[in-house]
Amino acid sequence: MSHTPAPTSSNAARRNPDGSLSVGDIVGLVEAAAPPVLAALWDSNGLICGDPSDPVRSILLAVDPVTAVVDEAIDSGVDMVITHHPLYLRGTEHVAATDPKGRSVHRLIRAGIALLNAHTSLDAAHGGVAEALADRVGLTSTVPLEPDPAFPDQGIGRIGVLPQPVALRRLAADVAAVLPDSAPGLLVGGDLDAVVERIAVSGGAGDSLLQRAREAGADVFITADLRHHPTSEHLEGGRPYLLCGTHWATEWVGLEPLARRLEEGARSQGSSLIARVSRIVTDPWALRLSTGTDQA
């Protein structure tokens, strides 16, 4: 399924009689914060369901468009859901309510709730996921780790420096403290007593950026979803050492800045908007147990 961004012309994004913004207006605000031109060619970003002329007074933001988030949106009575991940990244031939994704579409439409997503466009943008993660870690003098060819001041990931050098062990503890909690926690690879200062970050799956982080001179690369073989082979070559969080946690940090921008954008247009970030942990893992016979 192709998710073509809704038009933001006066016909599609009319101001409603009560002065509230429309779905089309919100699409425009999101696209201003996360320009579609920054999205990867393989990606899907845009309005998934909803009428661009419908009013929007409240929004729920989440990482994943899963059943629990749909439940929360319906229960809280919001007019729109904005997720980081698309509902259909690979496309689909149907939206019948015969599987969880199809049921979500039907439930949202019946409830009059629009669904929009901003994925790699938000990863790369100013004030997006990468910058939010860098800010959480406390990095300064940040630049894109993988600059966008057309807009080199934006792009995937960020690399910067800590206010002062610290041991990898201390950095790991600090990062664990500023990420939202989920069962897998944070994995650490490298010399725990090594002093580190130059740090690269990229929310979500970071396998493809391991070499880029090394070429950029990072002491540590903070990301998620690192697989065994690429990680092992990378660490055999030395720095950057690795901090591996969860996909959900490393991207969730980008939602609150977007929520603030949406509320500020509404105020600038003389409208009122409540944008709230879901606290539901949509990481797929529910429990972590230590392994080994001595744990029995």
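Tutor: Helix 1 (residues 23-33) is largely enclosed by the rest of the structure, because eight of its eleven residues are buried. Helices here are DSSP runs of H or I with at least four residues, strands are runs of E with at least two, and both are numbered from the N terminus. Buried denotes under 20% relative accessible area, exposed over 50%, and partly exposed anything in between (1.4 Å probe, protein chains only). The buried residues of helix 1 are Val23, Gly24, Asp25, Ile26, Val27, Leu29, Val30 and Ala33.

The model is predicted: local features need pLDDT of at least 70, side-chain atom pairs count only at pLDDT 80 or more, and totals for chains, interfaces and linings use all residues. Residues are numbered from 1 along each chain as its sequence is written, and side-chain values use heavy atoms, with hydrogens and water left out.

Now to the interface. The chain is divided into domain 1 (21-122 + 252-277) and domain 2 (126-245), with bounds from an automatic or database domain assignment. Their centres, taken over C-alpha atoms, are separated by 28 Å. Twelve residues of domain 1 are in contact with 13 residues of domain 2, contact meaning heavy atoms within 4.5 Å. The two domains bury about 990 Å² between them, 68% of it on carbon and sulfur atoms; this buried area is the accessible area (1.4 Å probe) that two parts lose on being put together, summed over both. In domain 1, Leu38, Leu122 and Val253 lose the most area to domain 2, together 50% of what that side buries.

One salt bridge is found across this interface, the term denoting a side-chain nitrogen of Lys or Arg within 4 Å of a carboxyl oxygen of Asp or Glu. The side chains of Arg136 and Glu256 meet in a salt bridge with an N to O distance of 3.7 Å. On the side of domain 1 that touches domain 2, helix 4 (120-124) and helix 10 (255-268) are the elements that give two or more residues, and helix 10 gives the most, with three. Arg136 is partly exposed, at 30% relative accessible area, and Glu256 is likewise partly exposed, at 22%. Arg136, Glu256 and Arg279 are linked in a network of salt bridges.

The structure holds ten salt bridges. Among them, Asp71 pairs with Arg107, the closest N and O atoms being 2.8 Å apart. Asp71 lies in helix 2 (residues 67-76) and Arg107 in helix 3 (residues 100-110), so this pair ties together parts that are 36 residues apart in sequence.
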